[in-house]
Amino acid sequence: MDLARIPLDEMVDGRGGVRPHWRRLLGTISDLGHRELLERGRQIARALHDQTGPSAAGGLAGCDPIPLLLPPQEFARLAEGVTQRARLLEEILRDLYGARGLLSAGILPPALVYPAPGYLHMGSADASAAAAAGAPVIDRFLSFYAVDLVRGPDGQWRVAADRVGRANGVGHTLENRRQMARVLPELFSGREVRTLTPFFDAWQDSLYRQAGLADRNPGLALLTPGPRGTLWAEHVILARELGCVLAEAGDLAMRDGALWLKTVRGLRRVDVLLLRQDGWTVDPLELEGGPVPGIAGLLDAARGGAVKLVNHPAAGVVEAPGLAAFMPALARHLLGQDLMLPDLRTIWPGPDGAADGAIDTLLGGDRGAWWLRRAADPQAAALRLDRADGDTLDALRRHPGRFVAVEAIAPSVMPSIRPNGIEPGAVVLRLFALFDGAQWQVMPGGLARLLPDDDTPPGSPLDGPVVTKDVWVTVEDSAELVGSAVSPTPTLAIRRGQGDLPSRAADDFFWLGRYLEQLEEAGRVLRVVTRRVGRVDGSPRERVELDTVLRLAGAVGLWQEETAIGAGYATLVRALSAVTFDSALPQRLLSEIVRVAAGLRDRLTVETFDTIVHGADTLRARLQEARVPGDPGRTLERIGSVTDSILRFGATISGLTAENMVRSGGRQFMDLGRRVERAGALLTATALVLRQKDVAQRGRMEGALRLMLELSDCVITYRSRYFALLQPAPVLDLLLLDEGNPRGVAYQMAMIAETLAELDPGDGAGLTGTADAVMERLRGLVDTVLAAPQQDQTAAALPGTIDEIRESLRWLGQQIARRYFVVLTPPRAVGGGRYADRAGSRGEPDGEPGTKLGAIDES
């Protein structure tokens, strides 16, 4: 591996020699070789993808296996500069939302402050009075801070951007380190690297201290836009590391001036809210709002001290790119110091364009040496000045105060592993700091990202898919590693329930159970249909059975129209091939299962989540492979193989959750979803089979009974009890009343009643009573058949009664939804492959609580 020809600014000193802290690492890299490092990098990328989950639209494209090294002396200087800058930003914010002395003295122009999206015009009377008195509205704006740094050709680190809003990337930093240690242990061998865990411990302690509670365990929550956001994986990691509940805006509510989390056991107080969405969206009552939901009244509660916001949403104003032009003067005015970490050279032309002839300087010189940015908006895209079109240049001349020019320096480069070899890549270093209540602490590490090309400015956000590097702070041999101090915490009361399970999470677990059961039911019906297609030219009775299972396939959503009824062999095989391999029910159910599982990423173990995601990917691959055209016989064989894979997938997840998940919280609602779905599907199948033509016209029950046993996978159990003789009462008893039959209705109802009693022991005759009433009707139904002299005719008259019982079960599902999670009603898939929103909107208790794919229409 030849590194000599690569200009590696981060690895070489000013004389062209390799810096001492790189020498040992370069030897290990050379020993591994390019091909091995490339494969290790792919392993890390796969692991990061598994952590991110398929729901995230962005995230990290991977972690380059060559880390960025910072020797302890260099990191100490950087940490000192980051701490100084964090203190400065806090002072700027206290002034802007307090006395506004910087604006009145002309040190900071209002044209850079008031138009900024991060400046919040909080219209409270209390806020106005506090500002008039010269006091800050908020006691502390910044508790967490991130900064993007680039090293220029002169070796000086410079600030490319301040990050105080979401300050994302810290969770990915931790995950990068974990995967590097797992996949590339050779790089760590014989080398002391400072760990990241103490930083997260200190962060968690600081959140506890901000709550200021000594008598109870504080409620910590992380506000996230949700699993469809590009930073969902980051939020999952942070919530786990910091012990926060991961909550969307719909999970939270204001009551009596305080913030509460909606859980299945009622409201739970939230004392500290870690914000991970744009500040201007968090409170639609006072702020502009946006496409991401907010919490009405949140800022008023924060002003009253009922909840601490980390960071406060008003802090976003200091991210305005134009402020960089004034940072040296601000540091001298507020701190009496020069900046230790200067900004990239920045020119703000001023509102009249006359600031030191700035326009002439920019347009008359080397335009390629400048990035043109919006002065107040950090999210607006940057543009090379030499690539600006006529309209942009005209806008710059007419409204110069809206723009700012940032020097386009060439960032330092270091080696990165690419498919064709080791290539140099420009790097931007992001460091993180937190205020622990007494002082600022800087994480001994960080996130380095590779700029994809020269058209990407160093100060661009970290929202898209990028390749990153782990950042190592090396340890001197004489240094002592000291962890964070242990903070006193209140003694925890013993709890064995589900804890603060948000209603949204309970809803997702409920639907995960239902979707898994729907997929399994579809697989069982598909298997029964496939076995009977070959009998299309058989006896009239066999044709009746085939048409019955085809109608059942339509009932569970495998196809929408009964076009296959009465069709010939070739037509049936084509229809089965279409519903199995094309965009039909199995594929959509798999997508729904993975989507819901991604939303529960913070509440599923790694093993469970990986089993769901990898199992779904494997099934999709099998479906794709099995689509190869062939003769009808081969097609049926492939369908049968795929059907077996579907059933194994469901059985694997069922076994994993039964053995690995504590029987409370998420598992309870997941189990409720499965039980409600399975009982409804079995009742649907029983009524439909009893309506088949052969039974209705001639009371011929034997084929119908055999089909019912096959659909419920109870053939062996029945045969072991009654041998070959089929009668309606024993079959119905096994399917409807036997509480020891895990495929029967009675077992499902017993589990539903038990779970409901655990969730609400004082429910009495409520939901548990409804479940008991369903069983009472089923017992009466079977007793009637058993006592009848002609069981066949009596059983043939049961479908109407079974439909009524099924309606009671449907109503029970609705009541479960209304009691525990109707406040959160996201769109759900509906039967037959159709999709529709729930009738009720979020938070509207009178809306329809849900629709589905499969046997039961709503829940």
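Angles under 35 degrees between two axes count as roughly parallel, over 145 as roughly antiparallel, 65 to 115 as roughly perpendicular and the rest as oblique. Axes are lines fitted to C-alpha atoms, for helices over the stretch in contact, and the angles run from 0 to 180 degrees between N-to-C directions. The structure is a predicted model, in which local features need pLDDT of at least 70 and side-chain atom pairs count only at pLDDT 80 or more, while totals for chains, interfaces and linings use all residues. Residues are numbered from 1 along each chain as its sequence is written, and side-chain values use heavy atoms, with hydrogens and water left out.

## The chain as a whole

The protein chain contains 28 helices and 21 strands. Helices (H or I, at least four residues) and strands (E, at least two) are DSSP runs, numbered from the N terminus. Of the 859 residues in the protein chain, 59% are buried. Here buried means under 20% relative accessible area, exposed means over 50%, and partly exposed lies in between (1.4 Å probe, protein chains only). Among the contacts in the chain with a separation of 6 or more, 71% are between residues 24 or more positions apart; contact means heavy atoms within 4.5 Å.

## Two pairs of helices

Two packed helices are described by the angle between their axes and the distance between the axes. The following table gives these values for two pairs.

| Helices | Axes come within | Crossing angle |
|---|---|---|
| α14 (residues 503-533) and α17 (residues 585-599) | 9 Å | roughly 155° |
| α20 (residues 666-690) and α22 (residues 702-711) | 10 Å | roughly 160° |

Helices α20 and α22 are therefore roughly antiparallel to each other, and α20 passes α22 in a right-handed crossing. A crossing is right-handed if the near helix is turned clockwise from the far one by less than a right angle, and left-handed if anticlockwise. On the side of α20, the contact involves Ala685, Thr686, Val689 and Leu690, and α22 contributes Ala704, Leu707, Met708 and Leu711. These residues comprise seven nonpolar, one polar and no charged. In this classification Ala, Val, Leu, Ile, Met, Phe, Trp, Tyr, Cys and Pro count as nonpolar, Asp, Glu, Lys and Arg as charged, and the others, Gly among them, as polar.

Helices α14 and α17 are likewise roughly antiparallel to each other, but α14 passes α17 in a left-handed crossing. The residues of α14 that meet α17 include Arg504, Asp508, Leu512 and Tyr515, and those on the α17 side include Leu585, Pro586, Glu592 and Arg595. The contact of α14 with α17 divides into 11 nonpolar, two polar and four charged residues.

## Sheets and strands

Two strands pair if DSSP finds at least two bridges between them. Strand β9 (residues 272-275) runs parallel to β10 and is joined to β10 by three bridges, with Leu274 opposite Val310 in β10.

Another open sheet of four strands has the order β11-β14-β12-β13 and antiparallel pairing. Its edge strands, β11 (346-347) and β13 (383-384), each pair on one side only. Strands β12 (residues 370-374) and β14 (residues 403-407) pair over five bridges in the antiparallel sense, and Leu372 stands opposite Ala405 in β14.

In a regular strand the side chains alternate between the two faces of the sheet. Strand β18 (residues 445-450) has six of its six residues buried, so this strand is largely enclosed by the rest of the structure. Gly445, Leu447 and Arg449 lie on one side of β18 and Gly446, Ala448 and Leu450 on the other, and all are buried. Strand β16 (residues 421-435) is joined to β18 by four bridges and runs antiparallel to β18; Val427 has Leu450 as its bridge partner in β18. Five bridges join β18 to strand β19 (residues 466-473), again antiparallel, and Leu447 has Asp470 as its bridge partner in β19.

## Individual residues

Thr608 is located in helix α18 (residues 606-625) and counts as buried at 2% relative accessibility. Apart from neighbours within four places in sequence, Thr608 is in contact with Leu656 and Thr657. Trp811, in helix α28 (residues 799-820), is partly exposed, with a relative accessible area of 41%.
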